Amino acid sequence: MELDLPTPRFTVGQEIANFLVSCGLLPKVREESFCASNVESFTLNEYEDVAYVTFPSFPSIDDFILNESRCGEGNMHTDHKFFSDFLKGNDDEPAFILPGALNLFLHIMEKTDFQAKLQIYTDSKQRKLKPIIFVGHSIGGAIATLATLWVLGKRLRQSSPFCITFGCPLVGDERLVEAVGRENWGGNFCHVVSKHDIVPRMLLAPIESIAKPFTTICSYGQGINVPDSLIQDACRTLLNHVLVSPLGPYRPFGTYMLCSSNGAACVENAQTVLEMLRLTTPSQQTSFEEIVQACLLEHRSYGPVLADIMQNSVRRISIMNSEYSEYSDEMGVALQLEAIGVGSQNKSARDALQGACKTEKELNINVNRLVFELSEKQRTMAELEWYKECSEKDGMGYYDAFKILPNKKDVGGADLRRMKLASFWDYVIEMWESHELPSDFQSQNKWINAGNTYRRLVEPLDIAHHYRTNRNGNYLSDGRPNRYKVLQKWLEEKDKTRSSRVPKRRTKRASLTQESCFWAYVEEARKDLESLKQGQLQKLQNLEKFEEDVTKMEKDLTISSDVFFPDSTFMMWWKEWEEYKKNQSPEWNSRLCEMIWKKMGELNLRGSD
């Protein structure tokens, strides 16, 4: 089968860059950034129904280069509630961000009227919200990035913020990159970086090694009288640490628009951006004049950079349309390297871009193969659904049929299909955990829906198999396969992104019990009830909690009808539980008791028909 692969996004990076410049957006936000350079905290302006929120370039450097202990070590979830709980790594640990950037952002949030002024643009109760573009140059770009993450965390359905930065330092660690990729927020960020600008590159080195020279350079940039020899030493020290020191904890995310006098190209692959930033760092053998140019002048003056890009974009679009209407990946790489100012003969840079192309193609191939295999597995799923229906027609739910009648022929077929599907989903999870799938794979509706339909249909069979072969074991603590835990986590993370929406109430009973571990809870409740009868009174709380949970499930119609079949494992538990409670108090009754009698009546009526 020949797979239909999408064009890798980075191979059209130069075209994206040309569009961003030619549409007029970048010159406009650069103008906003220039006008905000002398304000204390932020500016807010509206043009053509778009809100531009701009942060200044150089607040106090002493506030930015912080000792980490002054700001909760950069933990995004420490002592404040501004950032979404979703901003954590795949290991569930909170993302870490540059402490100085966090400190400045918190100051703006808590000590200015920023939140009050933005309320009209971020109030989810508004029927229509105006788009917001956050803008920042230099350190202001880091604040713009955090402000954008803050608004994205609100899950506004009416609008989505966009962030454009110029010469912005790196802001977050690998966990933040994972979170942005998982939430599919990378497209909300565009970081413009000039070829010789040192600020976006400085945090490639650990912050403690670059703090002192960077402070000296910034003081010089602010007009403070600093001896040339001191500036030269600071620049060389900074460049030396960036080029030689071990890589610091900070990583890029979003789209990076890498610029030179030859043009610009956009790169999205985080690892490729990291390599390109290092490859384009000026050499420490560069002359003093060139170092000042590299470290300061290009950082401070993005206007001329954009003007060069605008001139070259028209010329390059003409060349590409006339000579390379269907250029290869190699030609795309060469054009981008020329635009960035590295040169197509630079082997390291060429390898980095070609590696990104190869990686993206491999990810696309992997997804397409899984899509093909998933379509084949739909037949297996349909056969299990047929097995479920046949069991119910025989008056026994498929959980109990699978558990109690292991030698029945159709049970054997269901067991084989269970194992086939387990093998497929184990493979999917293994590929995802090995980073062989796109970073937003687990947030794509196709895979969330497919995975959780599988989980709800098949996990009851795994539970039945567990308690049939290991009656005393606890499936929930000892036997649950990792695939189900991961698929459930994907769904729960996705549901959090829908938290701003009012969930629709079910009007029809679920055909599959939505809690895929339901039957494991039933089995453990049966064991707890037996222990309670033997005098272990501490089990009573567990059993009452289970009854409450089932009551809610039935009220929400998230339990399938087979749960209430007269001889089901659940009804066996319920009859014993009801008897125990009435022995304790003859007048005992509960909401669940009424629900069950009503459901039993419905099933009896259906059976008589």
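**Notes on the sheet and helix packing**

1. Let me start inside the sheet: strand E2 (residues 50-55) and strand E3 (residues 132-137) run parallel and are joined by five bridges. Val53 has Phe134 as its bridge partner in E3. Two strands are taken as paired if DSSP finds at least two bridges between them. Helices (H or I, at least four residues) and strands (E, at least two) are DSSP runs, numbered from the N terminus.

2. A word on what you are looking at. This is a predicted model, in which local features need pLDDT of at least 70 and side-chain atom pairs count only at pLDDT 80 or more, while totals for chains, interfaces and linings use all residues. Residues are numbered from 1 along each chain as its sequence is written, and side-chain values use heavy atoms, with hydrogens and water left out.

3. The hairpin has two residues between its strands, and Glu48 takes a positive phi near 50°.

4. Stepping back, the open sheet has seven strands in the order E1-E2-E3-E4-E5-E6-E7, with mixed pairing. E1 and strand E7 (263-267) stand at the edges with a single partner strand each, so one side of each has no neighbour in the sheet. From one strand to the next, the twist averages 20°. Angles run from 0 to 180 degrees between N-to-C directions, and axes are lines fitted to C-alpha atoms, for helices over the stretch in contact.

5. Towards the E7 end, have a look at helix H11 (residues 270-279), which lies across strand E5 (189-194), E6 and E7 and runs at about 25° to E6. Thr255 lies in E6 (residues 255-260). Is Thr255 buried or exposed? It is buried, with a relative accessible area of 11%; buried means under 20%, exposed over 50%, and partly exposed in between (1.4 Å probe, protein chains only). Beyond neighbours within four places in sequence, Thr255 is in contact (heavy atoms within 4.5 Å) with Gly186, Phe189, Cys190, His191, Cys266, Val267 and Glu268.

6. Asp440 is worth a click too: this residue is in the loop between helix H17 (409-433) and H18. Asp440 is buried, at 16% relative accessible area. Not counting residues up to four places away in sequence, Asp440 touches Gly181, Arg182 and Asn184.

7. Now the helices. The axes of H18 (residues 445-469) and H21 (residues 518-533) come within 9 Å and cross at roughly 30°, so H18 and H21 are roughly parallel. That label covers angles under 35 degrees; over 145 is roughly antiparallel, 65 to 115 roughly perpendicular and the rest oblique. Pro460, Ile463 and Tyr467 of H18 meet Trp519, Ala520, Glu523, Glu524 and Lys527 of H21.

8. H21 also packs with helix H22 (residues 539-555), their axes coming within 9 Å and crossing at roughly 145°. Among the residues in contact are Phe518 and Leu532 of H21 and Phe546 and Met553 of H22. By class, this contact of H21 with H22 has eleven nonpolar, two polar and two charged residues. Ala, Val, Leu, Ile, Met, Phe, Trp, Tyr, Cys and Pro count as nonpolar, Asp, Glu, Lys and Arg as charged, and the others, Gly among them, as polar.

9. Finally, the whole chain: 24 helices and seven strands, with 53% of the 609 residues counted as buried.
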